[in-house]
Amino acid sequence: MFWPWAAAGNAGNVSVVWYQTEPQDGMPDLDCQTGHVHVMESTLIGATGKKTQSWMVDAAGRVVHIGWVCQGGTTCVATGQDRRLGDYFTNALDARGCVLIATGDTRLTDPTTGGPLPTARPLYLHQNGGPSLLGPGTCS
């Protein structure tokens, strides 16, 4: 797990997103080892009471990056390391209290060459089911 972000709704309601590698990757040091990276999200509802509910999902439903993830900021460019996944990742709520996630997707290829793109493409994910983090509504 790395780069967690949280978005809070009403008291006791929170969404946390993070990047996570697959079990076969072990616990890679992504500065120098390959990982299959997924966008994970967990929602807690009613955490201040006695009946807390929680859910966890692979928000994109697929790998969004395979490879290293340089965590050295702007030095990544100078050293030629892959930083394409960084700098897009956020978690927020829309006006209804439904989760919005912005991330990068490095799995798309250049339509002309078929090779990897030099930058990540934005990937926006929006909660489409389950309870709202604001009030009694749903995100269906």
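Visitor: Which element gives the largest share of the lining of the largest pocket in this predicted model?
Guide: Strand β4 does, with three residues. The elements that give two or more residues to this lining are β3 (35-45), β4 (53-58), β7 (99-105) and β8 (121-126).

Visitor: What makes up the lining of the largest pocket by class?
Guide: The lining has 15 residues, and Glu41, Val57, Gln127, Asn128 and Gly129 lie nearest the centre of the pocket. By class, seven are nonpolar, six polar and two charged. The volume of this pocket is about 320 Å³.

Visitor: How many charged residues does the lining of the second largest pocket have?
Guide: The lining has no charged residues; five are nonpolar and four polar. Among the residues that line this pocket are Met1, Phe2, Gln20 and Thr21. Its volume is about 150 Å³.

Visitor: Phe2 also pairs with Tyr19; why is that pair called tilted?
Guide: The planes of the two rings stand at 40°. Planes under 30 degrees apart count as stacked and those over 60 as edge-to-face, so an angle in the rest of the range counts as tilted. The pair is therefore tilted, with ring centres 5.4 Å apart.

Visitor: What makes this pair a tie between parts of the chain?
Guide: Phe2 lies in strand β1 (residues 2-8) and Tyr19 in strand β2 (residues 14-21), so the pair ties together parts 17 residues apart in sequence.

Visitor: Are Phe2 and Tyr19 buried or exposed?
Guide: Both Phe2 and Tyr19 are buried.

Visitor: Which residues form the aromatic cluster?
Guide: Phe2, Trp3, Tyr19 and Phe89 form one cluster. The whole structure holds four aromatic pairs.

How values were computed:
Residues numbered from 1 in each chain as written. Predicted model: local features only at pLDDT ≥ 70, side-chain atom pairs only at ≥ 80, totals over all residues. Heavy atoms only, no water. Phe/Tyr/Trp six-rings, centres within 6.5 Å; stacked < 30°, edge-to-face > 60°. Helix = DSSP H or I, 4+ residues; strand = E, 2+ residues; numbered from the N terminus. Buried < 20%, exposed > 50% of the residue type's maximum accessible area, 1.4 Å probe, protein only. 1 Å grid on protein atoms, 1.4 Å probe; cavity = no way out; pocket = protein on both sides within 12 Å on 5 of 7 lines; lining within 4 Å. Points joined across faces, edges and corners; volume = space filled by probe spheres on them. Nonpolar A, V, L, I, M, F, W, Y, C, P; charged D, E, K, R; others polar.
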